[in-house]
Amino acid sequence: MLDSQLRLRLRPFEIGDWSASAVIVAPHPDDETLGCGGVAAKKIASGAQVRFVFVTDGAASHRHLMHPETLRATREAEAIEAVHRLGASSESVTFLRLPDGAANHHVHEITDAVVSMLNSWRPQSVFVNHAKDPTSDHVAVNAAVRAALRAYGRPVTVFEYPVWYWYHWPWTSLWGDLPNMWRVTLRQTIKTAAGLRAPSTLNSLAYVGDVIGVKREALAAHASQMQRLENQDEWRTLSDLSGGDFVGRLLADYEMFTRYEINI
């Protein structure tokens, strides 16, 4: 019921939104697909120029099970393959290669890098993870991109895409999750008033049901996050979270955003 109310309240993408050039900033490889892979695929198919910036190297996701250098290389290759499946080329990808889990120590570096790219590319729109995403890397990347946009000074339409924001009841179960993850779900549920704050947090809606197969294939390219390695029972995947509720939410027929204009 809450989801239906959200779809009724949020403003659909305008025709020009689909053809506007875009830079998608992802804290980790896979956030680009989880948060706005459907929009990216439709933009690319329409001929819009879409660039992808991956901030951290993702090397901490399974650090106790794979050497960080190996995991770093693996996740970069997966990110490039995911972008290919969304319809873009390797040339559209930039890796900042900052340490996973430590983006909050590199905010100024991220800001400077994004300002430089904005000055070079001059996109019409920028997509970045939502300010209400709870993880430290996501918080830091959002703050850095906002600072970069202010320093850039040119008018841009910003779309903040939620990823970990959705990790709360009623979209994910409070029980039956991975060990200790119920605490994260409970904290987010309280912060979001069990989803009741979503209508005031989000304001934009994009239908992506017609490219959901493309989005699924792009997400599958992030195999280290989606598939358990052979003989590695401790290897956790995104589908393990909340019994699949988390991934299911992010593979819905609609992607939702907080949209605003900056520097106008």
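I take a charge to sit over a ring if NZ of Lys or CZ of Arg is within 6 Å of the ring centre and within 35 degrees of the ring normal. With that in hand, I looked up arginine 249, which lies over the face of tryptophan 166 at 4.0 Å from the ring centre. Lysine 42 lies over the face of tryptophan 18, at 4.4 Å from the ring centre.

A note to myself on the source: this is a predicted model, where local features need pLDDT of at least 70, side-chain atom pairs count only at pLDDT 80 or more, and totals for chains, interfaces and linings use all residues. Residues are numbered from 1 along each chain as its sequence is written, and side-chain values use heavy atoms, with hydrogens and water left out.

Next I turned to ring pairs (Phe, Tyr and the six-membered ring of Trp, centres within 6.5 Å; planes under 30 degrees apart are stacked, over 60 edge-to-face, the rest tilted). I found 13 aromatic pairs in the structure. Phenylalanine 13 and phenylalanine 159 have ring centres 5.0 Å apart and planes at 40°, so I logged the pair as tilted. This pair links distant parts of the chain, 146 residues apart. Both phenylalanine 13 and phenylalanine 159 are buried (under 20% relative accessible area, with exposed over 50% and partly exposed in between; 1.4 Å probe, protein chains only).

Then I checked tyrosine 167 and phenylalanine 246, an edge-to-face pair with 5.4 Å centre to centre and 80° between the planes. Tyrosine 167 and phenylalanine 246 are 79 residues apart, and both are buried.

Last entry: I traced a cluster in which ring pairs link Phe13, Trp18, Phe127, Phe159 and Phe257.

Terms used. Helix = DSSP H or I, 4+ residues; strand = E, 2+ residues; numbered from the N terminus.
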